[in-house]
Amino acid sequence: MKARPIMIQGTMSNAGKSLLAAALCRALVKRGMKVAPFKSQNMALNSYVTKAGEEMGRAQVVQAEAAKILPDARMNPVLLKPTTDVGSQVIVMGKSIGNMTAAEYFRYKKNLLPQILNAYTSLAQENDVIVIEGAGSPVEMNLNDNDIVNMGLAKLLKAPVLLVGDIDRGGIFAQLCGTVSLFTEEEKKLLKGLIVNKFRGDGALFEEGRKMLEERTGYPVLGVMPYAALEIDDEDSLSERLNVKARGEGADVAVIRLPKLSNFTDFAPFEHMEGASLRYVEQVEEFGDPDLVLIPGTKSTLGDLQFLKDSGLAEQIIAAAHRNVPVFGICGGFQILGESVSDPLGKEGGGSAKGLGLLPIQTVFGEEKTLRETSGVFGGLSGIFSCLNGLSYSGYEIHMGESNVKNAVTNVNNVYGSYVHGIFDEKGIAQAMVSALCERSGKAVAVSDYSAKENKEKNYDKLAAVFEANVDMDAILKIIARGV
């Protein structure tokens, strides 16, 4: 294998492994290296479709973009997409192999190791460095014998490990000292340093804490990363942005927070631009009188449709549409807006139900999942978003159900639906929509332009700059060069 590996593990889920891996990818690329990310197994509802029509987790897409290369399913050979509290759809090398309960997958996952290693070896032959991300905590003692994503993988790949702790949650000494103490002697030899992440305030004030961590663990603290406000895609339900409830200035954009919400990154343009105020709604009392209602994708269309009905949010959405409030559904949200949803093969739990009846579509789940990139030009739209006609869009489709649709966007009055994830990303689209909303409501606010690609590049550079300013890159380069 050509590439040298380095692995970033965390003391827990959401310690910041994904963004630190992205930061390291960009920092290494800036030094002229060919770099690729790798995560053997990811659990996420926020997925992406590559140019080859393969499905992978968004975290590795972010890392690939930071490394300035195209996303590739080899970077995330196993993706688990939860369908219930105890089961997931299992995607291997970009393709679904079916649903498994947690117990079934636990027994099965060792069988995936050859494909994981083949994917890694293939990437390693094309790059100088592979930045590997672990998952959750590496010291879940009851799972370690069957581990294919943390220290178990690090041993196989002979990868040096950096351990990240989240100081913002508190208990940083318990996190890092406790995790190190639970490593075996063999695992401790792989560990090369610690990083304290999400520090708020003056990092110099943690100097005494740094010394205490080094004394108690025996490992150097390679950096104290500040809590940085960056506009970079997050992972799934752990994202803090999903907790935003307050209404701000500008067009009030309400996203329905479905229990099995997926690909909420579709709405980043409205979150990041001036002139729009995006918030998440999961209860009737939070609904209010929004200027735009967005219904996201979901891994459980029928289950989340029932949630809307049981919670009373379905009535709120229908009433808003009848008041001519624009409603836009993406993927599963599009299906929910239709007349009916049927799952005769039990792909997402089985059954059938009436939709919200706001769009003239019927959806039936078949045997195969649709996975494809797509692009085109808006045309034939009526209502408030007729302003989009003539603009170009691009994105990807990832869905089980097939609906009787002919165009990229189905539209009746001010209700819209599409299967295209990322449909708002191209420059000018979100701006046109928010400008139309503000004009309609009489809000005199400035509306900024937005380009997802330009915004991402700017923020990846910012992330790398923060990383390089607060983490000992020289030490990390030496760790990569020396290996284990």
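This is a predicted model: local features need pLDDT of at least 70, side-chain atom pairs count only at pLDDT 80 or more; totals for chains, interfaces and linings use all residues.
Two strands pair if DSSP finds at least two bridges between them. Strands (E, at least two residues) and helices (H or I, at least four) are DSSP runs, numbered from the N terminus.

Residues are numbered from 1 along each chain as its sequence is written, and side-chain values use heavy atoms, with hydrogens and water left out.

Now widen the view to the sheet. Four strands form an open sheet in the order β20-β19-β21-β22. The pairing is mixed. β20 (351-354) and β22 (392-403) are the edge strands, and each pairs on one side only. From one strand to the next, the twist averages 25 degrees. β21 (residues 362-377) pairs with β22 in the antiparallel sense, over 11 bridges.

Stay on β22 and look at E397. Is E397 buried or exposed? E397 is buried, because its relative accessible area is 9% and buried means under 20%, exposed over 50% and partly exposed in between (1.4 Å probe, protein chains only). The side chains of E397 and H399 are joined by a polar contact of 2.9 Å. A polar contact is a pair of N or O atoms within 3.5 Å; within protein, one must be able to donate a hydrogen and the other to accept it, and residues adjacent in sequence count only if both atoms are side-chain atoms. E397 also has contacts (heavy atoms within 4.5 Å) beyond its neighbours within four places in sequence. Among them are V49, T370, R372 and Y419.

Next comes β19 (340-343). V341 has its place in this strand. V341 counts as buried, at 0% relative accessibility. Leaving aside neighbours within four places in sequence, V341 is in contact with T301, L302, Q335, G351, S352, A353, T363 and F365. N46 is 295 residues away along the chain, and its C-alpha atom is separated from that of V341 by 22 Å.

Helix α10 (residues 301-311) lies across β19, β20 and β21. Relative to β20, α10 runs at about 40 degrees. Axes here are lines fitted to C-alpha atoms, for helices over the stretch in contact, and angles run from 0 to 180 degrees between N-to-C directions. Which residues of α10 are buried? They include T301, L302, D304, L305 and L308. Just after α10, G312 takes a positive phi of about 90 degrees.

Helix α11 (residues 313-322) holds H322. H322 is exposed, with a relative accessible area of 64%. Strand β23 (residues 409-412) contains T410. T410 is buried, at a relative accessible area of 14%. Its contacts, leaving aside neighbours within four places in sequence, include F334, L359, P360 and Y416.

Turn to a pair of helices. Two packed helices are described by the angle between their axes and the distance between the axes. The axes of α2 (residues 58-66) and α14 (residues 452-470) come within 10 Å and cross at roughly 80 degrees. That makes α2 roughly perpendicular to α14, since angles of 65 to 115 degrees count as roughly perpendicular, under 35 as roughly parallel, over 145 as roughly antiparallel and the rest as oblique. R58, V62, E65 and A66 in α2 meet K456, E457 and Y460 in α14. By class, this contact has three nonpolar, no polar and four charged residues. Ala, Val, Leu, Ile, Met, Phe, Trp, Tyr, Cys and Pro count as nonpolar, Asp, Glu, Lys and Arg as charged, and the others, Gly among them, as polar.

Most residues other than glycine have a negative phi, and most peptide bonds are trans. K68 has a positive phi near 60 degrees. K68 sits in the loop between α2 and β6 (78-84), and is exposed at 55% relative accessibility. N14 has a positive phi of about 65 degrees. N14 is in the loop between β1 (4-10) and α1 (17-30), and counts as partly exposed at 28%. β7 and β8 form a hairpin with two residues between them, and M93 in the turn has a positive phi of about 50 degrees.
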